[in-house]
Amino acid sequence: ASLLGRDIRVTLPRAAAIAAFQEFSAPLRAFFGIFAAVALAITALLVHSIVSVREEERIREHAILRTVGAKRRHVFGLVLTESALLCVLGVVPGVFAGLLVAKAALWLVSLAMKGEGQITVELSIRTTLMCLAAGAAVSLASALLPAIRSTRRGIAPALDPSRRGEVVEPPSGDRGFSRVLLFVGLALSAISLVVFFVLPT
């Protein structure tokens, strides 16, 4: 433009579209990143809750398995296997649904840019595998604590026919707090901080 003079106007529509998209997509990426972190945290809490309830319901069954020769590692593997099946039922449809939502979101962004640039989604195998791996890691990590807890119970208290509810283990020391409740409280506090303070800004 400086070489041609002020009488001639030079326009770069593609460069303008790229600049507009970068300006628009920066807060959008931050929003989706925070949204993904919150979704993974909520998923971890839900999977942990479901697996913990199932593990509490099967205290007697696990004890019977150990009386007929099953090792602690077998019980540990059973709990993790159930969590893996739950992960497959949730992660695989969720990943493909997320890819469809991403395409719909970029289509809306293209409409908001008034056709100044066509935005496409690059659906690579690496991205899909990364999403599947993230979901599987969150699901299995959330099931580790219930799986470890299922191997620490004694056989005799678990087989007690008068038992109602959870088997209460003798306290190992006067700790004054529960690590599980502390972890859940911190996770819920972080989620509420993000939802009420980070996302509105």
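Contact, as used in this note, means heavy atoms within 4.5 Å.

1. Basis of the note. The model is predicted, so local features need pLDDT of at least 70 and side-chain atom pairs count only at pLDDT 80 or more, whereas totals for chains, interfaces and linings use all residues. Residues are numbered from 1 along each chain as its sequence is written, and side-chain values use heavy atoms, with hydrogens and water left out.

2. Surroundings of Val47. When neighbours within four places in sequence are set aside, Val47 is in contact with Ser83, Ser139 and Ser142.

3. Nonpolar cores. A nonpolar core is a set of buried Ala, Val, Leu, Ile, Met, Phe, Trp, Tyr and Cys residues joined through side-chain atoms within 4.5 Å; buried means under 20% relative accessible area, exposed over 50%, and partly exposed in between (1.4 Å probe, protein chains only). Val47 belongs to the largest such core, together with Val51, Val79, Leu80, Ala143 and Ala147. Helices α1, α3 and α4 are the elements that give two or more residues to this core; helices (H or I, at least four residues) and strands (E, at least two) are DSSP runs, numbered from the N terminus. Apart from this core lies another of five residues, among them Leu45, Ala187, Ile191 and Val194.

4. The structure holds five salt bridges, each defined as a side-chain nitrogen of Lys or Arg within 4 Å of a carboxyl oxygen of Asp or Glu. In one of them Glu55 pairs with Arg149, with the closest N and O atoms 3.7 Å apart. Because Glu55 lies in helix α1 (residues 13–57) and Arg149 in helix α4 (residues 125–151), this pair ties together parts that are 94 residues apart in sequence. Arg149 also forms a salt bridge with Glu56, at 3.9 Å between the closest N and O atoms. Glu56 lies in α1 and Arg149 in α4, so the parts tied together here are 93 residues apart in sequence. Glu55 is buried at 3% relative accessibility, while Arg149 is partly exposed at 23% and Glu56 is partly exposed at 21%.

5. The bridge between Glu82 and Arg58. For this salt bridge the closest N and O atoms are 3.0 Å apart. The pair links distant parts of the chain, 24 residues apart, with Glu82 in helix α3 (residues 72–112) and Arg58 in the loop between α1 and α2. Glu82 is partly exposed at 29% relative accessibility, and Arg58 is partly exposed with a relative accessible area of 28%.

6. Network. Salt bridges link Glu82 and Arg58 with Arg54 and Glu57 in a network.
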